[in-house]
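Keep the structure open beside you while reading.

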Amino acid sequence: MSNKTQYWKGEDELLNTPSFQADLKKEFSEDLPLDEVLQENNFELSSNRRDFLKFFGFSITAVALAACNKAPIRKAIPYLVKPEDVTPGVANYYNSTLGASSEGYGVQIKVREGRPIKVDGNPNSFSGRGLSALGQASILSLYDTARLENPMKGGKATDWATIDGEIEKALAASKKVAIVSGTIHSPSALSVIQKFAEKYSTDHITYDAISYSGILKANLDGFGKAVIPSYDFSKSKIIVSFAADFLGTWISPVEYTGSYTRGRVPGNMSRHYQFESNLSLTGTNADIRFPMKQSSEALYIATLYNRIAEKKGTAKIPVTRVLNLAGNVLDNVAKDLLDNEGKSIIISGSNDPYVQQMVNGLNVLLGNYGNTIDLNNYSNQYKGLDADFDKFISDATNGAYDAVIFWDANPIYNYHKADSVKNALAKIKTKISLSGFIDETAENVDYICPDNHYLESWGDAEPKKGKLQILQPTISPVFNTRQAEVSLLTWIGLGEKPAKDPFAGKEIMAQKFDTSIYYTYLKNFWITNVAGVTNEAAFNKVLHDGVYNLPMIENTPISFTAEFSTYGPIISKMVPEVNSAIDLILYQKVGIRDGKFCGNPWVQELPDPVSKVTWDNYVALPKALAEKKGITEGDLVKVSLNGITIDQFPVLIQPGQANNTISIALGYGRKGKSAEKGAYETIGKNAYPFAPFVNGTRQWVASGVQIEKVAGNYVLAQTQTHNTIEGRDLLREATQTEFNKNPYAGNDMPRPHLYELWSRHEYKRDDNPGHYWAMAIDLNACTGCGACVVACSIENNVPVVGRDEVRRRREMHWIRIDRYFAFKNVEHVDYSNDLLLKRDYQKDFVTKEKGIEALDRAEAKKKDGEYLYYENVQVMHQPIMCQHCDNAPCETVCPVLATTHSSEGLNQMTYNRCIGTKYCANNCPFKVRRFNWFRYNDNDKFDFFFNNDLGKMVINPDVTVRTRGVMEKCSMCVQRIQDGKLKAKRERREMIDGEIETACQRSCPANAIVFGDLNDTSSEVSKLYKNERSYHLLEELNLQQGVKYLTKIRNI
Amino acid sequence: MSHNITTIRPRLVTKDKSLADVSNEICRPIENKPSTTWKIGFTLAVIFFGLLAFTLALTTLVGIGTWGLNKSVQWGWDITNFVWWIGIGHAGTLISAILLLFRQKWRMSINRSAEAMTIFAVLCAALFPLFHMGRVWVGAYWVFPLPNAFGSLWVNFNSPLLWDVFAVSTYFSVSLVFWYLGLIPDIATIRDRATTKGRKFWYNFFSMGWTGSTRTWNRYEVVSLILAGISTPLVLSVHTIVSFDFATSVVPGWHTTIFPPYFVAGAIFSGFGMVCTLLIIARKVLNYEDYITIGHLEAMAKVLMLTGTLVGLAYITEFFVAAYSGVEYEQYAFLNRATGPYWWAYWSMMTCNLVAPQFFWMKWARTTPWFIFFLSIVVNVGMWFERFVIIVTSLHREYLPSGWALYSPTWVEIGIYLGTFGMFFTFFFLFAKFLPVINMAEIKTILKDSE
């Protein structure tokens, strides 16, 4: 305090003049005429009538105004003893592992006042800084009212002592115990299972709902190890994917999206071929996509193999069938692959070991192993073999097991023969589920010992060989639940509480400290077993970092054996002779995935990246098939395959769907919350029963499906119903060849001459440059996965509105991803002579409604019913949020100034001031403004999470929960901006570029969004604003937005 | 007022009425028990008024979500109805103010009810911008630049919606004063004829001490002229400003400089339509066929034809400007009106507003009350569609095709619209019962006139 700098107010103070000294004593620099007022003789006021009126008027107004102000009563209850780490209003971040799926991404968890409120990727993790939509949304399952609050015995709540006693007795009496679990790659958990197996004779069966048995088996046969290799898409110049949705759902999509986009830098980007039936997220991003009947996949791969083998001079696969494809498709692919040997990746989404073996063969031929594909530092993310579970079922049915423990496995829901699982269970005496929810399997067991949510648990993970991660609790268990590992340890007598409580004095952790048993176990396990972690300090360092990487294993030469000579008949058997048979493709949606979180409202409301459908699964039909069967969108159909029939399926006519195929998403048909029914309602229909079991694996493609129109209709809730861009200049794109010639390619249209009515904003702080926040979005990087949509909803307390409201086109998302199809004029239909359509004529890709109608007419005339243009589409994704226009149309029209421009370039909403005229939303050219049609919080009509105390725990306290009748929209995460500015101010420094990340930017696995300060000329966003590819939407309106887009480049 | 009386032109009031006839006939509904027709009509109107109260309560208590609006079309039937009702009001002011200035005497028998119609229509119209607000409980007064305790808050003078607030409230207050001023001599007449105590008291109270002296008449004439002068620009300005709601926006289909004159013409068109609808019923029901003559109807039919054609011209001009502009969004917006999902609304508008009034080229059409009545309904329907076309078809397909959405109203919106009819007719029936529907004082000056 002593050396505090003195500032003087004026020269007088510095010189300390007498007059200054005198003035200092007075409160007002000039005398108030009090004497004059008070010295009144005989009540003769010296003030005249006018003064009186002035005083009178002022006092009346002042009193009236003072009376208007009703001071709100706010209660704040302080901590009596402040926990060491908790400062109200300041968030803590913990590194952990995503426990929601076995993909095991490293995450960072934001905790406010003891509540985890946000999950983001851990930048140091193998999966990078982004996180999938499902990962983001998994936080809500912590605050789900459907969670079990107590252990259950025979459908009734009980206590742990009782249930433990009974289970221990039952286990002791069992000859053989089975643990059926999803993939577990946690080293400590595996050691617990091992310990368990030492006490009770136990089989551990890994059962994945969506397994990668095909790859595991093929690699076991070919390379001698049953592992999934690591793929590095960034090193690959040519990517050929046969129906592997590696950007959306295949093995490790977050990791792959990161490495894929790193290899897609314009000028030197990879070329991506995709062969598939249903239009997947990956397919929408492919440079060249071929609609393929997936039942013929083996033939495609064998043919490609033979093209390469021919050039290489090695033995071919004896295929008798000939694949006739238009336009030398496979020749081009083969040529590209041969030109880039050792720099390509060929993958297949098939779960067939023979198909995968051919893919391995191709990669071996091209020398990709050791370059782009790594078998040594492999993935542990999926380890389940379908045959193992199949064997378990038959063994159990034969009475081999006396007890079974289900741990993160729900076969009664997701096994294709639920009845056989039920029959098997009937033969088992003691059935235990460790599920935290009453799922379909838990409904059929004797004891449910609810596991903690992963945000309440201790643990570790090894999702990839040598990439160790820690899992740590960020909240004490909300309910009377117990971590699964602790349950197992308890049953083998190791569940005693440690004599010394390691959390003594730390209230937050210590309230319910049964997790701490596992903390001790975990710590000891690491110190004993993990190389390099030898003491508690080292362990604490790991706990802090969240990740611990063991040295990478060097490349070793591979030895590959495959008997391709015997494949001829196998392929013939697999590929149906009749080409007109309809294929059924079972696929995962990017949001719902295998259905574990089917009841999560955030993922349900996330529009499917391709179809933009929410809250339902459906039968995706190609136009050609729909025309043939007389089915239109909104109809209901009956789908049957091998004696299994599912009725009342809604229909979506999906551009890009290969002819003679239909697709149905897995993961639906479970109970979840819904607005219409108030409580729990089954969302969609379960398609798992359709999955055929072929060549020892469960497969997701079946041929010969029957489809039939039934009575009734159904409107799917879509967030976008107009699918084409009408030839408008909203999405700019160019080919890599054009881009290499001219970096302005696709973006070099003449700039309109713009006039302005008002002078421009000057973003200044006094006379110094202030901040000018802006964003750049790289359309070339964006894959359209939708992670940002969920991230934004969580960060900004965006309500979920439910299916019916989405149907009414009232979803509340602040950021959306527009998806447009361009229909390839495959048969070069020339409609330029059509008088009415002359000006709408588009030669190669048709995007106008009228143009498509012209193609439809030409197709109808042709009468072959192929609709090739419907099958061959090009897709663009464009994230749209508030563009924060400098010349904002919304700002000028608000009658009450509820939306205004900040001094830092943001377009701000003042919710308190908004009266809800909705004029701003009408005048917004981007339609990003969202109106609160109802009171979404505390309204049981919207029974998602906003209306109950538990669900409300997920609310971000930094963001206002909006009331009914006000407008809302993207704020560019102004709360994060303020937080960042405050932090810099406290630390007395300038802000660092990249310090503030918006929620969407933080979640993006592709790094497509960059946010920063335009007044900082060295910031990344300033550089991107000057990039040759950058452009503003609707430039001619002269809105001067704070969001710029970067041209998409296609490597065609 | 002395005039040369020619016998060539037909009389403004037929059948040689005496001064006493006028007072007797026009005061008849006020001084007698309500007729059965009146009772039935009034009950019906009150029922619909109740529907209005119910639907507005629902909107306010549950939310605007009870309407069919969505993320793209955030104005629908609400603003359509607002503009429609405001437009209807215009004829009243036009008849009473502009025609007064032009000394058009034929207006005298219709101006009272036209003005009443204006006031009730503006009241109905004002409901929509009020209740379309998400938070009407604060919005109702936050749109005014009031001093307040919330801090330095001010309204946005750039916003056309704020201009609307001032335009509509000015219009309403001036119309109300003008109407009331005209009523004073007639209220005094009823007072003088009153036989019951209550009637005497109330009409005395509302006649504001009218004596009928030359000085009062002189002042009455002067104030009328002044108010007419004030009202005249309002006829043009109110709908001009309403049109600014659209014209100053960036929405293709709204952002059009032709809007002010186009809207004013449309307003007069629809206003005269409504005047015809009401008066044709009134002259029949109240037996005022001698005061509201075929000549009146013919004059109004001519106005309808003229303004209808003007409006039609504006529609075509819009198309030309869109084509000439070279702006693809603009061009699409207009093509979409005619050929998009709401084509039926566009062609209804064209048929009702441009084609239908052309029948008035025929003398028969202009002089047949039932036909005028029929066409006046058609005109009102057409003008409603015009606003629907402008608002909904422009919004539902704007710049970004991803946001394109369809809109249809819910029963609540329909209920509110029907409810405003209830309110309008409730007021109109009360007016017809308690106040003279025809300006007795003025009509007495033209008993012998022909013009």
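Predicted model: local features only at pLDDT ≥ 70, side-chain atom pairs only at ≥ 80, totals over all residues.

In chain B, the loop between α7 (197-206) and α8 (214-247) holds B:M208. B:M208 isn't a glycine, yet its phi is positive, at about 55°. That's worth a second look, because most residues other than glycine have a negative phi. Is B:M208 buried or exposed? With 12 other C-beta atoms within 10 Å, B:M208 counts as exposed, since the cut-off for that class is 12 or fewer.

A:K927 is not a glycine either, and its phi is positive at about 55°. You'll find A:K927 in the loop between α30 and β42 of chain A.

Now for the chains themselves. What is chain B built from? It has 16 helices and zero strands, whereas chain A has 33 helices and 47 strands. Here are some overall values for each:

| Chain | Span of the C-alpha trace along principal axes | Buried residues |
|---|---|---|
| Chain A | about 120 × 85 × 60 Å | 54% of the 1052 residues |
| Chain B | about 70 × 60 × 40 Å | 51% of the 451 residues |

The radius of gyration of chain A is 32 Å, close to the 31 Å that the globule rule gives for 1052 residues, so chain A is as compact as a globular protein of that length. For chain B, a compact globule of 451 residues would have a radius of gyration near 22 Å, and the 23 Å of chain B agrees with that.

Contacts across the sequence tell you a bit about how each chain is put together. Taking the contacts with a separation of 6 or more, residues 24 or more positions apart account for 73% of them in chain A. In chain B, the figure for residues 24 or more positions apart is 84% of the contacts with a separation of 6 or more.

Two packed helices are described by the angle between their axes and the distance between the axes. The axes of α3 (residues 77-101) and α9 (residues 259-285) of chain B come within 6 Å and cross at roughly 75°. That makes α3(B) and α9(B) roughly perpendicular to each other, because angles of 65 to 115 degrees are counted that way. Residues making the contact include B:W84, B:G87 and B:H90 of α3(B), along with B:G266, B:F272 and B:M274 of α9(B). Which kinds of residue make up this contact? There are nine nonpolar, seven polar and no charged.

Back in chain A, the chain is divided into domain 1 (11-68), domain 2 (142-210 + 385-530), domain 3 (226-378), domain 4 (576-718) and domain 5 (733-759 + 771-826 + 881-1050). The centres of domain 3 and domain 5 of chain A, taken over C-alpha atoms, are separated by 36 Å. The contact between them takes 14 residues from domain 3 of chain A and 13 residues from domain 5 of chain A. On the domain 3 side, α9 (253-262) and α10 (281-285) of chain A each give two or more residues, and α9(A) has the largest share, four residues. The residues on that side divide into five nonpolar, seven polar and two charged.

A last stop is A:I210, in the loop between β7 (202-206) and α8 (213-223) of chain A. A:I210 is buried, with 23 other C-beta atoms within 10 Å. Leaving out residues up to four places away in sequence, A:I210 touches A:Q588 and A:D594.

Note on methods: Residues numbered from 1 in each chain as written. Chains lettered and ligands numbered in written order. Rg over C-alpha atoms; globule rule 2.2 N^0.38 Å. Buried ≥ 20, exposed ≤ 12 C-beta atoms within 10 Å, placed from the backbone. Contact = placed C-beta atoms within 7 Å. Axes fitted to C-alpha atoms, helices over the stretch in contact; angles between N-to-C directions. Parallel < 35°, antiparallel > 145°, perpendicular 65-115°, else oblique. Nonpolar A, V, L, I, M, F, W, Y, C, P; charged D, E, K, R; others polar. Domains from an automatic or database assignment.
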